[in-house]
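Please find below a colleague's note on the two-chain model under review.

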Amino acid sequence: MADTAVRTNRPAMGSWIYDPKVRAVVYQLVLVGIVASLIYEAATNALSAMARLRIPTTFDFWTQVSGFDINQTLIPYTHASTYGQAFWVGLCNTLLVGVLGIVLTTIVGFTVGIARLSTNWIVAKLALVYVETLRNVPLLLQLLFWYNAVLKPLPAPRQSFQLPGGIFLNNRGLVLPSPQFGAGSELIGFALLFGVAASIGLFVWAKRRQKRTGQQAPLVPLTLLLIVGLPLAIDLVLGHPVTFDIPQLKGFNFTGGKQVFPEFVALLLGLSVYTASFIAEIVRAGVQSVARGQSEAAQALGLAPGRIRSLVIVPQSLRVIIPPLTNQYLNLIKNSSLAVFIGYPDLVQVFAGTVLNQTGAAVQVMAITMAVYLVISLVTSSAMNLYNSRMARAER
Amino acid sequence: MKTALFASLVAAALSATVSVASAGTLDTVKQKGTLTCGVNPALAGFGIPDDKGNFTGLDVDFCHAVAAAVLGDATKVKYIALNATDRFTALQSSEIDLLARNSTWTSSRDSQGMLFGPVNFYDGQGFLVRKKLGVASAKDLNGAAVCVQQGTTTELNLADYFRTNGMKYDSVAFKGEDETLKAYESGRCDAFTTDSSGLYAERLRLVNPDDHIVLPEIISKEPLSPAVRQGDDQWFNIVRWTQYAMVTAEELGVTSKNVDEMMKSENPDIRRLLGVEGEAGKGLGLNGNWAYILLKQVGNYGEVFDRNVGDGSPLKIKRGLNALWSKGGLQYAPPIR
């Protein structure tokens with residue numbers, strides 16, 4: 001009896017051990033366990049080593065007074081602010097360059113990409129030279145070029161170039177008149193918002209009417225009237241509540257007005273024109289991926305060249321363009337950390353540079369910095385993925 | 001087969017995570033046979049490569065002195081050139097054994113896992129401006145753009161000074177010494193600020209040094225010291241007494257040239273310094289003749305000062321605060337006995 005029991009049990013045991021599914025699960029669990037224990041050990045080991053060496057392991061520094069100044073800030077900050085506020089200043093500066101850079105590089109990239117395909121020999125070759133030069137020179141060198149070779153040779157403040165409209169250009173940057181909002185200026189803001197909203201409504205109405213009756217409305221003069229004319233009229237009625245603070249040369253530099261620093265301009269220009277050279281090639285590839293038959297068919301239907309481009313070529317090429325374009329946007333944001341070499345106070349320069357050094361909290365500061373770049377990149381790429389899924393060909 | 005692989009993986013993982021017991025820095029240095037020293041990449045007089053690529057300077061000679069005391073050979077040093085922002089992390093992470101990079105001793109740095117040794121240069125922060133600006137005092141700098149190296153005490157003193165005097169300024173901060181100076185030279189800033197020893201050194205690197213002047217104000221105390229990691233008392237002692245031995249030797253008139261004759265001296269202070277009498281070296285974990293080798297190969301504090309930053313160098317910095325205590329300065333060493 002016992003014999004048979006053993007015999008019948010054995011195959012059951014064996015099948016459990018030799019069951020590939022069970023084994024796969026067990027292996028996965030073991031692997032997860034090893035990785036988790038490695039991470040845990042590494043973290044506790046690092047913490048105990050840091051404690052032994054008296055390296056700060058907490059985030060107490062966040063609320064301590066920083067004691068250093070930053071020259072370009074979007075949010076209020078002085079040397080009496082905390083390290084935490086310094087972090088936000090750095091983050092805002094990084095985002096500013098990232099957002100403006102993406103807008104600028106998209107404009108330049110699409111322009112150059114279309115120019116690459118131009119039937120005009122000179123335009124096409126100029127675009128080719130642009131792409132091949134800029135994408136084959138390291139970005140850091142280009143940034144140093146813009147900063148040291150283009151912006152620094154500008155004259156000193158006392159010999160500034162004066163541009164029309166109270167704008168001055170010198171080696172401290174661009175000084176612009178800054179608007180001062182007096183009483184009643186919020187009405188002008190409302191008028192501007194109303195104008196924009198009304199224009200959008202007008203567009204929708206005009207489109208519907210065109211579909212129904214085939215008649216076109218005079219859109220351009222009407223929107224101009226709404227967006228520009230209306231706020232100007234209110235400005236006149238109220239007696240110019242918005243004035244401009246014109247910069248004055250006083251002492252070492254201009255006082256008043258708004259200053260755009262050369263570090264910012266160099267970084268923005270460098271990042272944008274470099275990334276644009278890659279975007280141009282992506283755009284070219286996207287446009288060329290649309291089969292020639294498509295535009296020929298559109299021509300045969302009697303569409304005008306402009307409409308062929310906007311209704312047939314662009315929507316189809318965007319499917320090919322968007323995924324690699326996302327990569328370029330991410331590259332631009334991450335490359336903005338090279339700001340540290342030309343003295344622009346971005347996140348890396350302010351937080352991972354000065355704050356890290358001042359507080360000695362290297363591990364915490366680097367972890368926060370890396371997490372921030374990760375979050376910015378993930379947000380950007382999910383926004384682009386959303387756009388992509390709306391643009392993608394509907395599967396039938 | 002697969003299970004065996006996993007078993008060995010687990011074993012490897014476990015053995016890797018067993019925390020490595022840290023050997024003392026002295027043993028590590030002896031075992032390696034070289035001292036890894038963090039120095040300034042480009043500051044004349046303190047740490048800068050010469051035309052043959054060898055590092056020279058006051059701080060570099062301090063590395064030489066420690067190597068001579070510990071390894072018996074002043075040349076056994078490996079230099080790691082460090083930016084202001086990277087220097088303390090390099091020390092904390094054991095990338096270097098010793099940081100001799102014109103670093104200011106402050107309380108916050110002492111509480112961030114570092115210990116600063118005796119001051120090897122008493123310094124103070126100043127400003128360099130163009131002569132044609134017509135500025136005679138740092139008090140006239142209201143509204144100026146100031147170029148500064150980030151991650152330094154200089155950056156903090158600058159903020160303090162302008163705040164105290166109720167003046168405004170634009171701080172233009174750069175990571176490296178070179179970038180900072182280049183930005184000043186190209187006109188991006190009205191003034192360049194760093195420790196005054198650095199101002200004299202950097203002024204010589206400008207195209208027309210005579211077009212620039214150092215303003216008279218010294219706005220801070222900058223005691224520059226070599227630093228080590230906390231928690232290794234023996235190593236800290238060696239670094240401390242290396243500097244003290246050099247100062248004591250100057251006090252006693254022992255130089256690299258006469259040290260051999262001095263071995264025969266009857267002066268008990270000299271005999272104890274050179275290890276003829278007493279066991280100063282043994283107490284530190286070094287050879288009895290550590291100070292002899294150090295002085296023979298590197299020289300006393302006065303000699304080192306003179307050839308790097310003093311009259312024997314292009315910088316021609318006066319001894320000032322760095323003279324011996326007996327000559328009106330602050331350099332003072334506790335007795336070796």
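1. The structure is a predicted model, and local features are discussed where pLDDT is at least 70. Side-chain atom pairs are counted only at pLDDT 80 or more.

2. Chain A. This chain has 12 helices and eight strands. Its radius of gyration is 30 Å, well over the 21 Å that the globule rule gives for 396 residues, so chain A is more spread out than a compact globule. The C-alpha trace of chain A spans about 110 × 70 × 45 Å along its principal axes. Of the 396 residues in chain A, 28% are buried. Where contacts in chain A join residues at least 6 apart in sequence, 67% of them link residues at least 24 apart.

3. Chain B. Here there are 14 helices and 13 strands, and the C-alpha trace spans about 75 × 70 × 40 Å along the principal axes. Chain B has 337 residues, of which 52% are buried. Among its contacts with a separation of 6 or more, 71% are between residues 24 or more positions apart.

4. Domains of chain B. The assignment divides chain B into domain 1, made of 25-122 and 223-319, and domain 2, which covers 125-220. The C-alpha centres of these two domains of chain B lie 30 Å apart. Where they meet, 15 residues of domain 1 are in contact with 15 residues of domain 2. The domain 1 side of this boundary has nine nonpolar residues, six polar residues and no charged ones.

5. Nonpolar side chains tend to be buried together in soluble globular proteins. In this model the largest nonpolar core has 101 residues, and those with the most contacts inside it are B:Leu35, B:Cys63, B:Val66, B:Ala69, B:Leu98, B:Val146 and B:Leu294. Helix α3(B) gives the largest share of this core, 11 residues. Both domain 1 and domain 2 of chain B contribute at least three residues each to this core. A second, separate core has 52 residues, including A:Val131, A:Trp146, A:Leu268 and A:Leu338.

6. Surroundings of B:Cys63. Which residues does B:Cys63 contact, leaving aside its neighbours within four places in sequence? They are B:Leu35, B:Cys37, B:Val39, B:Val77, B:Leu98 and B:Ala100. Of these partners, B:Leu35 and B:Leu98 are also listed, with B:Cys63 itself, among the residues with the most contacts inside the largest core.

7. Helix α3 of chain B. This helix has 14 residues and reaches 20 Å from its first C-alpha to its last, close to the 20 Å expected at 1.5 Å a residue. Is α3(B) largely enclosed or exposed, and why? Because 14 of its 14 residues are buried, α3(B) is largely enclosed by the rest of the structure. Just after this helix, B:Gly72 takes a positive phi of about 80 degrees.

8. Helix α13 of chain B. Six of the eight residues in this helix, which runs over residues 290-297, are buried, so α13(B) is largely enclosed by the rest of the structure. The buried residues are B:Trp290, B:Ala291, B:Tyr292, B:Ile293, B:Leu294 and B:Leu295. Their cover includes α3, α9, α10, α11 and α12 of chain B. Just after α13(B), B:Gly299 has a positive phi of about 105 degrees.

9. Interface between the chains. In this interface, 39 residues of chain B are in contact with 35 residues of chain A. On the chain B side, the elements that give two or more residues are α1, α4, β9, α6, β10 and α7. The residues on that side divide into 14 nonpolar, 17 polar and eight charged.

10. Most residues other than glycine have a negative phi. B:Ser94 is not a glycine, yet its phi is positive at about 65 degrees; B:Ser94 is found in the loop between α4 and β5 of chain B. B:Ser94 counts as partly exposed because 14 other C-beta atoms lie within 10 Å. B:Lys316 likewise has a positive phi, near 50 degrees, without being a glycine, and B:Lys316 is found in the segment after α14 of chain B. With 10 C-beta neighbours inside 10 Å, B:Lys316 counts as exposed.

Notes: Residues are numbered from 1 along each chain as its sequence is written. Chains are lettered from A and ligands numbered from 1 in the order in which they are written. Helices (H or I, at least four residues) and strands (E, at least two) are DSSP runs, numbered from the N terminus. A residue is buried if 20 or more other C-beta atoms lie within 10 Å of its own, exposed if 12 or fewer, and partly exposed in between; C-beta atoms are placed from the backbone. Two residues are in contact if their C-beta atoms, placed from the backbone, lie within 7 Å. Domain bounds come from an automatic or database domain assignment. Ala, Val, Leu, Ile, Met, Phe, Trp, Tyr, Cys and Pro count as nonpolar, Asp, Glu, Lys and Arg as charged, and the others, Gly among them, as polar. A nonpolar core is a set of buried Ala, Val, Leu, Ile, Met, Phe, Trp, Tyr and Cys residues joined through C-beta atoms within 7 Å. The expected span of a helix is 1.5 Å times one less than its number of residues. The radius of gyration is taken over C-alpha atoms; the globule rule is 2.2 Å times the number of residues to the power 0.38.
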